[in-house]
Amino acid sequence: MVKDLRRDSPTGDNSAEFDFTATLGQHGLEINPVSVSTLQMNITRHCNQACTHCHVDGSPTRTERMEQQVIERCLEILNGDTRIKILDITGGAPELHPEFRGLVEGAVKSGKKVMARHNLTVMFEDKTDIGEKNEGLVEFFARNHVEVIASLPHYQEFFTDRQRGAGVFKKSIAALQLLNGAGYGHDGSGLVLNLVYNPAGFFLPASQASLEADFRRELLNRHGVVFNHLFALTNMPINRFKGQLERSGTYRDYMHKLKDAFNPAAAQNVMCRSQMSVDCDGRVYDCDFNQVLGLQSNLSGPVTVYNFNYDEFLERRIVFGAHCFGCTAGSGSSCGGATT
Amino acid sequence: MSYYEPEDLKRFSEIGDFRKDLADKFFSYYGASTSTEGALTIREKALIGLAVAHAKECPYCIDAFTTKCLEAGADPEQMTEAVHVASAVGAAAILVMGVQMRNAMKRSGV
């Protein structure tokens, strides 16, 4: 049985106007699971930042944290199935969870590639959310060959601080320089540093290739920073970002923009077809967005890490909602950036 | 109530309610000119569009091309520079008329 830790206030949209399943039908598309190559774990809602676009509503005041027994069960799942190749750890700021390092080491021991969704400024937080020592993060990442997926909305201070808070840009650049100093982002080092861009407002991202070229040029010229790839993500019209859209009276405009940009090719490559997403309490979802909206994966009943079975999980029907237009607009959007 | 309502931009296509053939030709030309990569990138075209929107003082166009610039990856410095180009060329267009004034003065024996 899962212990209910949810403190989210889901903001889904069930209106007929933005019926994602109907749009799939109009395009003759049926989107079903194909694999579980990635196990994504959202281990904490706690974060040292409170970004305007955050779909998790992460902030310093959130206290939900994954329990040890859920972590242990996830490690069992990873260890028991070679078809799951990647552990993708997110939050909140996952590094602030006191068991973050143990989780990484356990997954590495099982031969899995580990990816950490890293907000950069957490590098300078020297304690976990329960006050334990939390130093030497760069060295820890490097030692375990963790692929670092770092959030940096823009190479300009203006955009980054507007979205993530005053002073975040300068600290982010300092963190990137530390990562570079350890070998991250340099060709041939084997230490992968990817950046995540998302728009600092109510608009869609430019093409990933053009943004990556801009970031590469500007970060090198201005700050001597290098990285491997840039992922361009669309802001999801849920939770905190949805609240912003509603307050500015632009929610429906934004939704129409996403719906009008529906791309059938992107729909066929949505990330929920090849991953599972685990919440703090052990519930399983098709993606992190469904997780914060409380749209749990379902077979004959709700799926949790305790009743998870790889082959049975592929038999489920993916749970879709209006927010799915965010993953299928334009070039598509996923935790790994554009999908087309 | 003002003459310019941002919502009205969505009704631009109503211009095709009559003589749809002409509207279709216009929108096809407009899309090909502003929204496809060519010798200029989409971002460069968006910045030109933003400058022209200001020069023509068209609020609909300013709304549309501000979004278009952001979605093409332009940053605030590039967009502001584009508006300064429009402003400077507009000022130059007035100032260069001073040459006509100088001609008129000469014709008046000044």
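**Two chains, one sheet**

Mentor: In this predicted model, chain A holds an open sheet of 8 strands in the order β6-β5-β4-β3-β2-β1-β7-β8, and the pairing is mixed.

Trainee: What makes β6 and β8 of chain A edge strands?

Mentor: Pairing takes at least two bridges between two strands. Strands β6 (229-232) and β8 (284-285) of chain A each pair on one side only, so they count as edges.

Trainee: How do you know that β1 and β7 of chain A pair?

Mentor: Set the count against the cut-off of at least two bridges. Strand β1 (residues 38-42) and strand β7 (residues 275-278) of chain A are joined by 4 bridges, so they pair. The two strands run parallel. One bridge links Thr38(A) to Gln275(A) in β7(A).

Trainee: Which strands of chain A does helix α2 touch?

Mentor: Helix α2 (residues 68-80) of chain A packs on the sheet against β1, β2 (86-90) and β7 of chain A. Its direction makes about 170 degrees with that of β1(A). Helix α7 (residues 208-223) of chain A also packs on the sheet, touching β5 (193-197) and β6 of chain A, at about 135 degrees to β6(A).

Trainee: Why does the radius of gyration of chain A agree with that of a compact globule?

Mentor: For 340 residues the globule rule gives a value near 20 Å, and chain A has 19 Å, so the two agree. The C-alpha atoms of chain A fill a box of roughly 50 × 40 × 40 Å along the principal axes.

Trainee: What does the globule rule give for chain B, and what does chain B have?

Mentor: For 110 residues the rule gives a value near 13 Å, but chain B has 19 Å. The C-alpha trace of chain B spans about 55 × 35 × 35 Å along its principal axes. Chain B has 5 helices and 0 strands.

Trainee: How do you know that chain B touches chain A?

Mentor: Contact needs C-beta atoms within 7 Å. By that test 7 residues of chain B are in contact with 9 residues of chain A, so the chains touch. Helix α3 (residues 59-71) of chain B gives the most to its side, with 3 residues. The side of chain B that touches chain A divides into 3 nonpolar, 2 polar and 2 charged residues.

Terms used. Residues are numbered from 1 along each chain as its sequence is written. Chains are lettered from A and ligands numbered from 1 in the order in which they are written. This is a predicted model: local features need pLDDT of at least 70, side-chain atom pairs count only at pLDDT 80 or more; totals for chains, interfaces and linings use all residues. Two residues are in contact if their C-beta atoms, placed from the backbone, lie within 7 Å. Ala, Val, Leu, Ile, Met, Phe, Trp, Tyr, Cys and Pro count as nonpolar, Asp, Glu, Lys and Arg as charged, and the others, Gly among them, as polar. The radius of gyration is taken over C-alpha atoms; the globule rule is 2.2 Å times the number of residues to the power 0.38. Axes are lines fitted to C-alpha atoms, for helices over the stretch in contact, and angles run from 0 to 180 degrees between N-to-C directions.
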